[in-house]
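Q: Please take a close look at a single part of this model and describe its side-chain contacts in a connected account. Where the account relies on a geometric term, kindly state the cut-offs.

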Amino acid sequence: MAEPPEVPPGEDGAEDEELDDGDFPFLKADHPAYKRLQEAWRQQLSGQNERVSLQLREKQEELKKLVKHREEIGVTLYGAQQQLAKMQLQLEQLHDKYAMVHGQRLEDDEQLKQVTSSWEGKKQEVEEATRRLAKSQDELNQLNITVRQVEEYNEQMKAEIQVTRRATYKAEDHIKQIEEVKHKQDLLIDSMNEDVKR
């Protein structure tokens, strides 16, 4: 705290008033000698108050920024913790999946060994079946050729039968015409015989 400024004795009649007041050895608070001193104190305290108030506001702003920054860090930390927990869970799941896939891989390797061991025997069976298939294919090709020849012969016979059938229909029509003429002649002869008998 700053020392109060000194006031020269005797200014503004302070010394005389102090001598007159013998009952009270100190100056009263409202004594005129205190006015300049109180004004100096007031100005000094006012300046200190402004400086302290400014510092207080700056510290409050700084505190607000620190609190906000701490909150932001807290939010970021919470998000990072959540992400870490999620990644930890994913890592555990990946470990479980790896263990399962690894076990499946061992089983597949064992099955592959068994299949490979029996493959040579199956290979001979396949080669034999392939030879039989080739032989059967040759026989089938020969049969297809024979079938085509038979079909061509059948088509030729159908055509000849159609020609013969048309000729037969024509001959039948001609015979019918002859029979009709003969029938007419017979009727004419019968009529003439009847006329002769009359």
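A: A polar atom of the S53 side chain lies 2.7 Å from the backbone oxygen of N49. A polar contact is a pair of N or O atoms within 3.5 Å; within protein, one atom must be able to donate a hydrogen and the other to accept it, and residues adjacent in sequence count only if both atoms are side-chain atoms. S53 is found in helix α2, and helices (H or I, at least four residues) and strands (E, at least two) are DSSP runs, numbered from the N terminus. With a relative accessibility of 23%, S53 counts as partly exposed; buried means under 20% relative accessible area, exposed over 50%, and partly exposed in between, with a 1.4 Å probe and protein chains only.

This is a predicted model, in which local features need pLDDT of at least 70 and side-chain atom pairs count only at pLDDT 80 or more, while totals for chains, interfaces and linings use all residues. Residues are numbered from 1 along each chain as its sequence is written, and side-chain values use heavy atoms, with hydrogens and water left out.

Helix α2 spans residues 33-197, and the secondary structure of the chain comes to two helices and zero strands. The structure holds three salt bridges, a salt bridge being a side-chain nitrogen of Lys or Arg within 4 Å of a carboxyl oxygen of Asp or Glu. Side chains of opposite charge can pair when their charged atoms come close.

One of these salt bridges joins R105 to D109, with the closest N and O atoms 3.2 Å apart. Both residues lie in helix α2, four residues apart, about one turn of the helix. R105 counts as exposed at 52% relative accessibility, whereas D109 is partly exposed at 29%.

E128, R131 and R132 are linked in a network of salt bridges. Between R131 and E128 the closest N and O atoms are 2.4 Å apart; these two residues are three apart in helix α2, and therefore separated by about one helical turn. E128 also forms a salt bridge with R132, where the closest N and O atoms are 3.9 Å apart. E128 and R132 are four residues apart in helix α2, again about one turn. E128 is partly exposed, with a relative accessible area of 32%, and R132 is partly exposed at 47%.

For the chain as a whole, 3% of the 198 residues count as buried. The average pLDDT, the predictor's confidence in each residue from 0 to 100, is 81, and 83% of the residues score at least 70. Over residues 1-22 the pLDDT is below 50, and beyond near neighbours in sequence this stretch has 21 contacts in the model, contact meaning heavy atoms within 4.5 Å. Where pLDDT is low, the predicted coordinates should not be read in detail.
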